Amino acid sequence: MLCECGQYEATIHEVIITSDKKKVERHLCEKCARKQGINPDPYVPISELMSSSSYIMGQISSSPESPDEPLSQTPPRPPVKSKHPTQTCVGCGQTFGGFKKSGLLGCPACYQIFEDRIGPMIERAHEGGCNHVGKVPKRALCESQLNKDDNRIDALLGNIKQREERLDTLRIRLAKSIHDEEYEQAAMLRDELTRLTSLASSEIEATPNRSANAKDSTAASS
Amino acid sequence: MQASDDAQPETNPLRESAFTRNAEWLRGLGESNDVVMSSRVRLARNISGFPFTPQASRIDRTQVLEACRHRILNMTTSTASQFMWINLHQVGREDRNLLVERQLMSRQHAKGKLSTGKGGLDEPRGVAVLVPDERVSIMINEEDHLRLQIIRSGLALTSCLAEANELDDQIEAGMDYAYHPRFGYLTACPTNVGTGLRLSVMLHLPGLKLTGELEKVRRAAHDMGLAVRGFYGEGSDSPGEFYQLSNQTTLGKSDEMLLREMEQEIVPRVVGYERHARKNLIANRKEMLEDQIWRAIGVLKNARLMKVEEAMEYLSLVRVGAMLGLVEGVTLEQIHTLLLHVQPMHLQKTLGKTLTQQQRRVARAELIRKQLTPDLS
């Protein structure tokens with residue numbers, strides 16, 4: 001595939017999901033990518049990316065080591081205007097600006113307060129991983145199920161809708177693994193699907209008042 | 001040193017009886033021990049209801065420290081009574097650096113200074129170490145409230161993870177972790193969120209260095225989303241061609257998926273490359289390899305002044321010589337122990353006094369002459 005400039009092969013492929021969930025794709029050669037402020041060098045540690053304010057703002061600045069052009073000649077893309085420029089975490093007082101500077105969040109509540117803004121960034125840093133897969137705090141979950149504490153269960157596993165979305169994501173990944181003949185990976189994804197479904201099932205037994213919805217969701221996933 | 005009573009905190013337990021035996025990870029045992037020196041699993045956890053360490057006040061940190069200390073010393077595992085607790089803000093620089101050299105905690109934790117620039121030596125923080133084999137250490141109030149580490153010799157990520165999960169469940173049995181249904185275990189830095197799991201192996205790659213293929217492997221590792229670090233972790237050098245390889249992705253893959261990728265795919269592949277490089281060296285450049293190894297032994301046997309990096313480079317060559325059967329009379333455990341004991345703080349602890357840089361070089365050369373070379377042939 002040729003770059004938008006029509007001269008060189010496109011080696012940088014950028015997909016942006018807009019706020020109305022539309023996909024905008026761009027295919028650029030390294031030269032054009034640099035001109036537009038995208039760093040084509042893949043050897044940047046995640047930690048550096050995470051603490052880079054330009055990365056967080058959705059614009060990856062050119063590396064100073066860029067062989068073709070000095071940094072001063074590579075105009076960065078216009079910053080994305082924040083909807084909440086002075087947003088502050090109610091839990092710890094951390095601001096989004098503070099996070100941009102340090103790369104560190106202040107407290108567990110920051111993940112919820114800034115979820116919309118850090119979610120895409122986290123996804124990119126974790127190679128597309130956007131939902132946790134695997135271990136759930138064991139004792140907390142057991143206690144919540146025994147005490148039929150719906151709020152606590154939702155806090156650990158997500159609500160029915162969120163769980164369904166996670167199951168759907170896993171099903172898509174499972175289908176892809178089978179298609180790519182990555183059978184060991186597929187087996188693990190299948191186990192994870194089974195585990196997640198069984199967690200929801202345990203909840204059905206523990207919380208009969210929510211059984212109608214939950215049964216629907218587990219039936220869909222089995 | 002046994003678990004200390006709450007009312008009588010230990011202020012400086014290191015000088016008495018700790019670390020008189022070799023840590024398990026120095027023993028040179030386990031699968032693929034010719035290339036994999038040690039395996040390490042680290043879990044990052046935070047306690048619900050408290051700010052993460054970088055944002056926490058001194059009072060918060062003290063409360064977290066006490067809650068964790070109480071929890072760790074009251075676990076119901078068979079090993080719980082063997083934990084030694086150290087309040088790092090109450091011990092001296094020598095002891096803190098000793099713990100770093102023994103791979104029981106990070107350099108950042110020794111300084112108490114967080115990556116934000118906040119903190120300092122007197123910040124309330126601690127570390128719990130399982131003695132005598134030192135395979136478990138738990139840092140409190142590092143970047144995250146709890147950082148649980150299991151370290152073993154050879155390629156042993158599966159057993160490390162099993163033990164980490166058992167201890168993690170034990171700790172969680174007495175405190176609520178910060179957890180989010182979408183993001184999993186919440187951590188101060190979003191690069192660790194999800195499983196909070198870091199799987200690392202310390203690899204010895206002199207063959208790839210000598211055949212000029214090391215950079216290729218490094219780039220391949222980066223392409224696979226792995227981090228390559230030096231002997232003492234982030235920002236450290238790799239004298240002797242010892243490299244830590246670890247996963248960077250922690251969200252979207254379960255513990256088991258990350259483990260399988262690392263232990264069954266990535267590490268065996270790198271081990272295969274290193275073995276192939278060593279085999280090629282033996283087949284095509286044996287004289288050159290033997291010459292380098294025996295020159296190293298010549299220096300180790302005779303030098304009167306030795307820098308730490310120099311010692312690590314030469315000991316690395318002895319290690320590869322021993323693994324290829326070109327050198328006899330030395331075990332992996334002896335080499336690994338020396339790699340540790342030539343470090344500045346270990347030298348000073350062995351001699352029981354503070355030494356200048358020049359005195360350390362003299363002492364290092366003497367230690368190697370005494371402990372390593374008499375039986376080498």
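Modeller: Chain B holds an open sheet of 8 strands in the order 2-3-4-5-1-8-10-9, with antiparallel pairing. This is a predicted model, in which local features need pLDDT of at least 70 and side-chain atom pairs count only at pLDDT 80 or more, while totals for chains, interfaces and linings use all residues. Residues are numbered from 1 along each chain as its sequence is written, and chains are lettered from A and ligands numbered from 1 in the order in which they are written.

Colleague: What makes strand 2 and strand 9 of chain B the edge strands?

Modeller: Strand 2 (83-87) and strand 9 (226-229) of chain B each pair on one side only, where pairing requires that DSSP finds at least two bridges between two strands. Helices (H or I, at least four residues) and strands (E, at least two) are themselves DSSP runs, numbered from the N terminus. Neighbouring strands of this sheet are turned by 20° against each other on average, direction ignored.

Colleague: Why are helix 9 and helix 10 of chain B called roughly antiparallel?

Modeller: Helix 9 (residues 308-323) and helix 10 (residues 332-341) of chain B pack at an angle of about 170°, with their axes 10 Å apart. Angles under 35 degrees count as roughly parallel, over 145 as roughly antiparallel, 65 to 115 as roughly perpendicular and the rest as oblique, and therefore helix 9 and helix 10 of chain B are roughly antiparallel. Met312(B), Leu315(B), Val318(B), Arg319(B) and Ala322(B) of helix 9 meet Leu332(B), Ile335(B), Leu338(B) and Leu339(B) of helix 10, a contact with 8 nonpolar, no polar and 1 charged residues.

Colleague: What makes helix 2 of chain B oblique to helix 11 of chain B?

Modeller: The axes of helix 2 (residues 93-101) and helix 11 (residues 344-351) of chain B come within 8 Å and cross at roughly 120°, an angle that makes helix 2 of chain B oblique to helix 11 of chain B. Glu94(B), Asn97(B), Leu98(B) and Glu101(B) of helix 2 make the contact with Met345(B), His346(B), Gln348(B) and Lys349(B) of helix 11.

Colleague: How many residues of domain 1 of chain B are in contact with domain 2 of chain B?

Modeller: An automatic or database domain assignment supplies the bounds, which divide chain B into domain 1 (13-276) and domain 2 (286-375). In domain 1 of chain B, 18 residues are in contact with 20 residues of domain 2 of chain B, contact being C-beta atoms, placed from the backbone, within 7 Å. Helix 2 of chain B gives the largest share of the domain 1 side, 4 residues.

Colleague: Which helix of chain B gives the most to the side that touches chain A?

Modeller: In total, 42 residues of chain B are in contact with 40 residues of chain A, and helix 7 of chain B gives the most to the chain B side, with 4 residues.

Key
Two residues are in contact if their C-beta atoms, placed from the backbone, lie within 7 Å. Axes are lines fitted to C-alpha atoms, for helices over the stretch in contact, and angles run from 0 to 180 degrees between N-to-C directions. Ala, Val, Leu, Ile, Met, Phe, Trp, Tyr, Cys and Pro count as nonpolar, Asp, Glu, Lys and Arg as charged, and the others, Gly among them, as polar.
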